[in-house]
Amino acid sequence: MQTEARVGVTVDGGVRKLVKQQPPPQQIGTISQLLAGGVAGALSKTCTAPLARLTILFQIQGMHSNVATLRKASIWNEASRIIHEEGFRAFWKGNLVTIAHRLPYSSVNFYSYEHYKKFLRTIPQLQSNRDNISADLCIHFVGGGLAGITAATSTYPLDLVRTRLAAQTNFTYYRGIGHALQTIVKEEGLLGLYKGLGTTLLTVGPNIAISFSVYESLRSFWMSNRSDDSTVVVSLACGSLSGIASSTG
């Protein structure tokens, strides 16, 4: 759908001038929001899958290794072991379920964040302080936290399966996504798919809240001072810094 530019009249020193007024940017549609968020999340997770698998293996290493092995533990040693014993493709073990989890997770996260922001801006106290930096920061923080909790809760079973598949080394207990889901429900019940959800929400809520708050604040500050910079560069830089801030916060 095309939008027409409007023509306005301004007076400068008694001389009338015709000024072409650009229409406001169109809002991205619902499907586009969901698709963009999902694809971005899946792509980023695929690129960082090797590091994510190494992280999980280090976290559970004490359960399967003796003291001597633990003393020699390092990223290089563990990466070499994976290549030697499981092959190079093993770095992406469980990545299919990661993508299956990340597509809906990122989609729900970004989509719900936009809607939580709209809802929070209808609250009278926040609406009356719309130009206040503190009120704006509160909207981003609360909206981000609620979006993270919503996304994590709705996709948690896939997150649980992803972790269990990635934690497998030489012994294969789960043969795939479907088999893992079926086995967990059979052996642990339906609630077994939500084991650890409470702890995850305590982590994800503040993490996403900080991430969105830092991202929005940095992007707003950057664009107000360097409006000619590429939006791609701005988004990448602000996204990276917000990710670091949320992870270390």
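This is a predicted model: local features need pLDDT of at least 70, side-chain atom pairs count only at pLDDT 80 or more; totals for chains, interfaces and linings use all residues.

Reply: Residues are numbered from 1 along each chain as its sequence is written, and side-chain values use heavy atoms, with hydrogens and water left out.

The chain has 11 helices and 2 strands. Helices (DSSP runs of H or I, at least four residues) and strands (DSSP runs of E, at least two) are numbered from the N terminus. Along the sequence, the pattern reads β-β-α-α-α-α-α-α-α-α-α-α-α. Of the 249 residues in the chain, 30% are buried; buried means under 20% relative accessible area, exposed means over 50%, and partly exposed lies in between, with a 1.4 Å probe and protein chains only. The chain exposes about 16,100 Å², of which carbon and sulfur atoms supply 62%; such areas come from the Shrake-Rupley method with a 1.4 Å probe, and for residues only the protein chains shown count as cover. Among contacts (heavy atoms within 4.5 Å) between residues at least 6 apart in sequence, 64% join residues at least 24 apart.

The helix pairs come next. Two packed helices are described by the angle between their axes and the distance between the axes. The axes are lines fitted to C-alpha atoms, for helices over the stretch in contact, and the angles run from 0 to 180 degrees between N-to-C directions.

Helix α5 (residues 95-120) packs with helix α10 (residues 197-225) at an angle of about 65°, and their axes are 13 Å apart. The two helices are therefore roughly perpendicular, a description that covers 65 to 115 degrees, while under 35 counts as roughly parallel, over 145 as roughly antiparallel and the rest as oblique. The crossing of α5 and α10 is right-handed: a crossing has this hand if the near helix is turned clockwise from the far one by less than a right angle, and is left-handed if the turn is anticlockwise. From α5, the contact is made by Y105, N109, F110, Y113 and K117, and from α10 by V204, I208, F212 and E216. By class, these residues of α5 and α10 comprise 6 nonpolar, 1 polar and 2 charged. Here Ala, Val, Leu, Ile, Met, Phe, Trp, Tyr, Cys and Pro count as nonpolar, Asp, Glu, Lys and Arg as charged, and the others, Gly among them, as polar.

Helix α5 also packs with helix α8 (residues 156-167), at an angle of about 160° and with the axes 9 Å apart. That makes α5 and α8 roughly antiparallel to each other, and their crossing is left-handed. On the α5 side, V97, T98, A100 and H101 take part, and they meet L158, D159, V161, R162 and L165 of α8. The classes in the contact of α5 with α8 are 5 nonpolar, 2 polar and 2 charged.

Helix α10 in turn meets helix α11 (residues 231-248), with axes that come within 8 Å and cross at roughly 145°. This crossing of α10 and α11 is right-handed. Residues of α10 in the contact include I210, V214, L218 and W222, and those of α11 include V234, A237, C238 and L241. The contact of α10 with α11 divides into 11 nonpolar, 8 polar and 1 charged residues.

Single residues complete the picture. V234 lies in helix α11 and is buried, with a relative accessible area of 0%. Not counting residues up to four places away in sequence, V234 touches R219, W222, M223 and D229. The C-alpha atoms of V234 and L218 are separated by 9.0 Å, and the two residues are 16 apart along the chain.

K195 lies in the loop between α9 (177-188) and α10, and at 46% relative accessibility it counts as partly exposed. Leaving aside neighbours within four places in sequence, K195 is in contact with Y156, L160, R164 and E188.

P50, in helix α2 (residues 49-64), is buried at 18% relative accessibility. With neighbours within four places in sequence set aside, P50 is in contact with F91 and W92. R89, in the loop between α4 (75-85) and α5, is exposed at 77% relative accessibility. P50 and R89 are 39 residues apart in sequence and 9.3 Å apart in space, C-alpha to C-alpha.
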